[in-house]
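Here's a set of exercises to work through with the structure open beside you. Try each task before you read its solution.

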Amino acid sequence: MRRGGDGSAGGLRGPYAAFWSVAALAALFLALPVGAVAVRAFVGEGGAGLGAFAEAFRGGALPRALLNSALAAGLAAAIAAPAGFALAWAVRCSGLPRWARAAISGLTLLPMLLPTITYGFAIVYAFGRQGVVTSLLEAQPFPIYGLGGLTLGYVIYTLPTAFLLTRNALDYVDRRFGTVARLMGDTPWRAFVQATLRPMAGPIAAAFVQSFFLAFTDFGVPASVGGSFKTVAGLLYDRMLGSLPDFGVGSVIALAMLLPSVAAFFLLRWLGRAQTRYERPADDLPPPRNLPRDALAALLGLCSCLLTATVFCTVLIVPFVEAWPYATAPTLAHVRAVLGDPGLMAVCRNSLVAALGTAALCTLTAYAAALVTVRSELPAWCKDAVSAAATLSGCVPGMVLGLAFMLVFSGTPLGHSLLLIVCCNTFHFLNAPYLMMKGALEKLNARWETTGRLMGDAWAGTVLRVVTPNARRALLAVFGYCFVNAMVTVSAVIFVAGARTAVATSKIKELQFFGRFDDIFVLSLLILLVNLAATALLRLADRKAQP
Amino acid sequence: MLEVRNVSKAFGGKTILRDLSLGIGTGEIVSVLGPSGSGKTTLLNLILGLTRPDSGRILYDGEDLTDVPAERRRFNIVFQDYALFPNLDARANILYGLRNHPGASSAAEVDALVDLLGLREHLGKRIDQLSGGQRQRVALARTLVLKPRVLLLDEPLSALDGVIKESIKARIRQIAREFRLTTLIVTHDPEEALTLADRVLVLEGGGIAQYARPAELIGRPANGFVKAFILRQLEIKRENILALFQAARA
């Protein structure tokens, strides 16, 4: 359909400009840093060799941490993937009223608006020895430091993603198969297995792998409830930001973290391709009345809402009482203290600037990259290079990228600047926004650029006047995704943020060291409020952008 | 006079057009007919300048356009799906090209064109509020505002309902006469091709099977392919329709 672009080279000036901008940014802020980590693992001050590997593996700390991470992430994924699917089923396939389904979705997705490091502290305040739930039950339900707390934190972290993945997949499962199965005399359970569970096996497996990848590379949860149960992320942090940073060992640990991530990424891509494709989205017919089914759906939804509510009620309670759990009189003193602290306010400002900057740069980069691959007639190598950059961004864990930035940019004028945080976040997040943009641009009419060109437009002219206005809903969605993620991310930022460019999440890590948990919860609450406001604003803008 | 001289084109080792030559007089309507894969779309893209021929030349009034990029040939096309811009209303779509070519049509000429195509009452509508026929007329107007020397139409009737087809056919003929516009219409429907055009170009396997007036094509089909592909279809249609009318009369 888009062949035959050999008509004029002049028409490629715009596409090449877009390509080289993306390529230059990706080379500087993705390929170069990641390459530097790979090199640094093998080449130290004493020359090339495997010295760093020997050092990293000495005493068995790294293999143990790898096993610990794999165990906790595996457990969490094994819970989150089926639970996510169960909730997706409750929301999409039951006859629950619209408000109930909206509430289940909303509360299940709420943790996405908070940094993972906050989950850990919320768990401590809910299930710790003097936690809210513990005092209600008059007994601690499970030990929170170590595997138990870690797994719970990871489940809270990955459940929203597992839910989103399976919910989107359910939208493409043709409901008529269920009807046909019932008409042919199948029992409800058999009909469910045949028409829903079977086609969803791929997406549930994908949700498992994605949850594992997220948990395995997460830094926030182990930072708060890991205790002496060392994960790879914790080990990397200790070796790099402890008393004696060792770049060689850090790079080896980063590689150990990178390899499973690469495997997970390609496994996910394979699962995506292997998935059953239905020709059209399922129609939105209301399901037939079925009370037991709806009761089960309601129960599942209630469990999820209860989990979110019990854990995160602490975020809403702790900042507003004098000193939990000793003095529970309500007060606004903590909030006032944070709002009156110029240092903490500067941190919030930094977070906001970094998140807005990330949203802008990441949206632009993803848009330019997607324009190159689906709406230009550039040679195949350009398109391959762009999708390779997006792939690399999807494989590299945030901590690895953060460490890589520290390795390459410390001491340069860019070092520890907000601009560098923006660039780091951009390439940490790029893969998903790129895929979102690509999907949106593929759906637009393929002839617009040719039509514009025949009416005297340069490529960039048609892109500005026609393609961009018609892609504005996707652009808004990507902008929101990047903004929220930049507000809550901690893994990469922890290595890049400096003393004057600390953002809210990296500051929380620092406040933990001083035991200032009231401030931590107030900052978390501020992040939540900003994200809620941003989400509401974008939803409003999206409604306006609808034709 | 538009001339295609000894043009060949291959994609990835597969020959699409082989040493093709033809001439189209100014103001003439020619339809290009052929099964899928016969090279219709490639011929269209070559004339338009979206694709370069591997060999051969393309000329207009003696001027060699082979190396002139598409946007400077002053040829234009209405695509099968119209490729209208949904973020703009009908009026803004029609006037789109005038931003880059302000002098192409005067305000009065645009007005006359809008009336000719019966679009006056639809100018403020969004594209998704227009019917298929209205969309096509907006796409035609958007193209004609720029006064192209050659107008290419890719399957102009295939997306339209039966009733509206005949009126659009009449409109296309009217425009070609009024503007003395050289018009090339790609189609796969023999009835459409033969009732719309002054001459019909039948393509087969990248070469010309026959290039003739409709009556000549019917009366003296050049080979078995033209007979099988065109005459046979038309004959079946005629028999079916005649049978219908006879049954009604009986």
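Predicted model: local features only at pLDDT ≥ 70, side-chain atom pairs only at ≥ 80, totals over all residues.

**Exercise 1.** Work out why the radius of gyration of chain A agrees with that of a compact globule.

*Solution.* Start with the chain length, which is 547 residues. For that length, a compact globule would have a radius of gyration near 24 Å, and chain A has 24 Å, so the two agree. Next, look at the box: along the principal axes, the C-alpha atoms fill roughly 75 × 70 × 50 Å. Then check burial, where 49% of the 547 residues count as buried. Finally, take the contacts in chain A with a separation of 6 or more: residues 24 or more positions apart account for 81% of them.

**Exercise 2.** Describe the secondary structure of chain A and find the residues with the most contacts inside the largest nonpolar core.

*Solution.* DSSP runs give chain A 25 helices and four strands. The largest nonpolar core has 242 residues, and the ones with the most contacts inside it are Leu236(A), Ile253(A) and Leu403(A). Helix H3 of chain A, residues 61-92, gives the most to this core, with 17 residues. Now zoom in on Leu236(A). Leaving out residues up to four places away in sequence, Leu236(A) touches Gly250(A), Ile253(A), Ala254(A), Met257(A), Met399(A) and Leu403(A). Note that Ile253(A) and Leu403(A) turn up among these partners.

**Exercise 3.** Characterise the side of chain A that touches chain B.

*Solution.* Count residues to begin with: the contact takes 21 from chain A and 24 from chain B. On the chain A side, the elements giving two or more residues are helix H20 (448-454) and helix H21 (459-470). H20(A) gives the most, with five residues. Sort the chain A side by type and you get six nonpolar, 10 polar and five charged residues.

**Exercise 4.** Trace the six-stranded sheet of chain B and decide whether S7(B) is enclosed or open.

*Solution.* The sheet is open, with mixed pairing, and its order is S6-S7-S8-S3-S9-S10. Strands S6 (75-78) and S10 (207-212) of chain B are the edges, each pairing on one side only. From one strand to the next, the twist averages 20°.

Now follow S7(B) through its two neighbours. S6(B) runs parallel to S7(B), joined by four bridges, with Phe75(B) opposite Val150(B). On to S8: strand S7 (residues 150-154) and strand S8 (residues 182-187) of chain B pair in the parallel sense over five bridges. Leu152(B) has Leu184(B) as its bridge partner there, while Leu153(B) stands opposite Ile185(B).

As for burial, five of the five residues of S7(B) are buried, so the strand is largely enclosed by the rest of the structure. Both faces are covered: Val150(B), Leu152(B) and Asp154(B) lie on one side, with Leu151(B) and Leu153(B) on the other.

**Exercise 5.** Find the edges of the four-stranded sheet of chain B and say which helix packs on the sheet.

*Solution.* This open sheet has the order S2-S1-S4-S5, with antiparallel pairing. Strands S2 (14-24) and S5 (63-64) of chain B each have a single partner strand, so one side of each is left without a neighbour in the sheet. At the S5 end, two bridges join S5(B) to strand S4 (residues 55-60) of chain B, and Tyr60(B) stands opposite Glu63(B). The helix is H1 (residues 40-48) of chain B, which touches strand S1 (2-11), S2 and S4. The direction of H1(B) makes about 120° with that of S1(B).

Note on methods: Residues numbered from 1 in each chain as written. Chains lettered and ligands numbered in written order. Rg over C-alpha atoms; globule rule 2.2 N^0.38 Å. Buried ≥ 20, exposed ≤ 12 C-beta atoms within 10 Å, placed from the backbone. Contact = placed C-beta atoms within 7 Å. Core = buried A, V, L, I, M, F, W, Y, C linked by C-beta atoms within 7 Å. Nonpolar A, V, L, I, M, F, W, Y, C, P; charged D, E, K, R; others polar. Pairing = 2+ DSSP bridges. Axes fitted to C-alpha atoms, helices over the stretch in contact; angles between N-to-C directions.
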